[in-house]
Amino acid sequence: MSKGPEPGAGGAIEDLERLLSNLEAIDPDALREEEFAMTQSMLDTLKGKTIKRATMEPKRIVLETTEGNRYFFYGFIGESDAPT
């Protein structure tokens, strides 16, 4: 049985609505560029290491080095549909 909002939760719905409205302003191309930059940075840490195995899973790419370290790449794999 629902008793309503918890005491002291005043404004929680308004805060949630404000956060959700910000989601509409997310630029997919900007996210893709940020993901690319993060991926490039991670790949830079692999310089001089030997890749033992690379696998593509449904939601990520996994690289394993001969030292046993595993690196996971998620997200915006692919190209933008927007003309450049």
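## Briefing: a chain of two helices and three strands

The model is predicted: local features need pLDDT of at least 70, side-chain atom pairs count only at pLDDT 80 or more, and totals for chains, interfaces and linings use all residues. Residues are numbered from 1 along each chain as its sequence is written, and side-chain values use heavy atoms, with hydrogens and water left out. The protein chain holds two helices and three strands, in the order α-α-β-β-β from the N terminus on. Helices (H or I, at least four residues) and strands (E, at least two) are DSSP runs, numbered from the N terminus.

**The chain as a whole**

- Of the 84 residues of the protein chain, 8% count as buried. Buried means under 20% relative accessible area, exposed means over 50%, and partly exposed lies in between (1.4 Å probe, protein chains only).
- The accessible surface of the protein chain is about 7,200 Å², and 57% of this belongs to carbon and sulfur atoms. Accessible areas come from the Shrake-Rupley method with a 1.4 Å probe; for residues, only the protein chains shown count as cover.
- Taking the contacts in the protein chain between residues at least 6 apart in sequence, 29% join residues at least 24 apart. Contact means heavy atoms within 4.5 Å.

**The nonpolar patch**

- The patch on the surface is formed by Leu 16, Leu 20, Leu 23, Ile 26 and Leu 31, which together have about 440 Å² of accessible area.
- Patches are made of residues with over 30% relative accessible area and no salt bridge; like charges are joined within 9 Å, and nonpolar side chains (Val, Leu, Ile, Met, Phe, Trp, Tyr) within 5 Å.
- Leu 20, one of the patch residues, lies in helix H1. Leu 20 has a relative accessible area of 45%, so it is partly exposed.

- Three strands make an open sheet in the order E1-E2-E3, with antiparallel pairing. Its edge strands are E1 (51–57) and E3 (70–74), each of which pairs on one side only. On average, neighbouring strands of this sheet are turned by 15 degrees against each other, direction ignored.
- Strand E2 (residues 60–65) pairs with E1 in the antiparallel sense over six bridges. Two strands pair if DSSP finds at least two bridges between them.
- Leu 63 in E2 is the bridge partner of Ala 54.
- Helix H2 (residues 28–44) lies across E2 and E3 and runs at about 165 degrees to E3. Axes are lines fitted to C-alpha atoms, for helices over the stretch in contact, and angles run from 0 to 180 degrees between N-to-C directions.

**Salt bridges**

- The structure holds five salt bridges. A salt bridge is a side-chain nitrogen of Lys or Arg within 4 Å of a carboxyl oxygen of Asp or Glu. Side chains of opposite charge can pair when their charged atoms come close.
- One of the bridges joins the side chains of Arg 32 and Asp 29 (2.7 Å, N to O). Both residues lie in helix H2, three residues apart, about one turn of the helix. Arg 32 is partly exposed at 21% relative accessible area, and Asp 29 is partly exposed at 24%.
- Another joins the side chains of Glu 64 and Arg 53 (3.1 Å, N to O). Glu 64 is in strand E2 and Arg 53 in strand E1, so this pair ties together parts that are eleven residues apart in sequence. Arg 53 is partly exposed, with a relative accessible area of 43%.
- The side chains of Glu 57 and Arg 60 also meet in a salt bridge (2.5 Å, N to O). Glu 57 is partly exposed at 30% relative accessible area, and Arg 60 counts as partly exposed at 23%.

- Thr 65 is found in strand E2. Thr 65 has a relative accessible area of 0% and is therefore buried.
- Leaving aside neighbours within four places in sequence, Thr 65 is in contact with Leu 46, Lys 49, Thr 50, Ile 51, Lys 52 and Tyr 71.
- Glu 64, also placed in strand E2, counts as buried at 15% relative accessibility.
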